[in-house]
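Subject: A structure for you to look at

Hello,

Here is the structure I promised to pass on. Please open it first, and then read my notes below.

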Amino acid sequence: MADEATGEPGPGRLVLAATPMGDIGDASQRLRDALGSADVVAAEDTRRTKSLAKALGVEITGRVVSFYDHVETARIPALLGEIEAGRTVLLVTDAGMPSVSDPGYRLVASCAARSLPVTCLPGPSAVTTALALSALPVERFCFDGFAPRKSGQRREWLRTLATEPRACVFFEAPHRLADCLADAVTVLGPDRRAAVCRELTKTYEEVVRGTLAELAAWAVDGARGEITVVLEGAQPRSADPADLVDEVEALTATGVRLKDACAQVATANGASRNELYDAVLVARRDGEA
């Protein structure tokens, strides 16, 4: 791409392209065209991208370079140089949209900082697909990427969702799903609704809907494949400590310390933990009288 005034090479562009999550039929015509015409194809997994092109009947004529998490930062200067030289760089990941829990953000930010053109070829996304299939109210939602791996950090993260009114979408590894849902029951309560979406658009697609308690019991037997979870937004609840005593006692019955139970329930309901603690003690004294 040459500058008409100077005849010197002008900026090319970065093209972000969504790729199928499983069903090859979800590939857009624009993706096919871009794979066949880009000067450089930056791929999270070069083998998978070449297999995708072959399945689509497309010949990649440009140079294919790897662009995964561990090499992302090192690859950026060369890719910026290609764009500044007037070439088109196509960025694709293994499945779904680049930058959404996949490589891409840093390259886009670098292009923006240099005022280099960036465009996007929309397409498949596990986030929006799971939201649509969840059967939950999702007019407003937040996306939290992957759930923390360790239980302590995961429970702290779940506490931030205790009063979140928006639906929350997150990814989870199949071997950690049961533990994650068990922690969610402990922190958010057994009755909050959710949907576990597995292998979206693939042959063994499955969506399991229910309360957190029901889903935790289901997940004990194990789940395979790519997992996306949609968690229902928190419902407005009473902040009167006296109305929350039974909820605290239900937690203590499972072995949670009284102070910890009061802290969890108070946080989830916007109540004072000290007032709730006092209310529990009063209720216990009244029960003994």
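A crossing of two helices is called left-handed if the near helix is turned anticlockwise from the far one by less than a right angle, and right-handed if it is turned clockwise. Helices (H or I, at least four residues) and strands (E, at least two) are DSSP runs, numbered from the N terminus.

Please keep in mind that this is a predicted model, where local features need pLDDT of at least 70, side-chain atom pairs count only at pLDDT 80 or more, and totals for chains, interfaces and linings use all residues. Residues are numbered from 1 along each chain as its sequence is written, and side-chain values use heavy atoms, with hydrogens and water left out.

Helix pairs

Axes are lines fitted to C-alpha atoms, for helices over the stretch in contact, and angles run from 0 to 180 degrees between N-to-C directions. Angles under 35 degrees count as roughly parallel, over 145 as roughly antiparallel, 65 to 115 as roughly perpendicular and the rest as oblique.

Let's begin with helix H10 (residues 258-269) and H11, whose axes lie 9 Å apart at an angle of about 125°. H10 and H11 are therefore oblique to each other, and their crossing is right-handed. On the H10 side, Leu258, Lys259, Cys262, Ala263, Val265, Ala266 and Thr267 meet Arg273, Leu276, Tyr277, Val280, Leu281 and Arg284 of H11 (contact means heavy atoms within 4.5 Å). Sorted by class, this contact of H10 with H11 has nine nonpolar, one polar and three charged residues. Here Ala, Val, Leu, Ile, Met, Phe, Trp, Tyr, Cys and Pro count as nonpolar, Asp, Glu, Lys and Arg as charged, and the others, Gly among them, as polar.

Helix H11 (residues 273-288) also has a partner in helix H9 (residues 245-252): their axes come within 10 Å and cross at roughly 85°. That makes H9 roughly perpendicular to H11. Val245, Val248, Glu249 and Thr252 of H9 make the contact with Leu276, Ala279, Val280, Ala283 and Arg284 of H11.

Elsewhere, helix H3 (residues 72-84) packs with helix H4 (residues 105-113) at an angle of about 40°, their axes 10 Å apart. H3 and H4 are therefore oblique to each other, and H3 passes H4 in a right-handed crossing.

On a 1 Å grid over the protein atoms alone, a cavity is a set of points where a 1.4 Å probe fits but cannot get out, and a pocket is an open set with protein on both sides within 12 Å along at least five of seven lines; lining residues have an atom within 4 Å of a point. Grid points are joined across faces, edges and corners, and a volume is the space filled by probe spheres set on the points.

How many cavities of 30 Å³ or more does a search of the whole structure find? The search finds one, and the largest cavity has a volume of about 30 Å³. Its lining is made by Leu158, Phe170, Leu181, Ala184, Ala194, Leu212, Val229 and Leu231. That lining has eight nonpolar, no polar and no charged residues.

The largest pocket has a volume of about 680 Å³. Of the 28 residues that line the largest pocket, Ala95, Asp102, Phe146, Phe171 and Glu226 are the closest to its centre. By class, the pocket lining has 14 nonpolar, five polar and nine charged residues.

Happy exploring!
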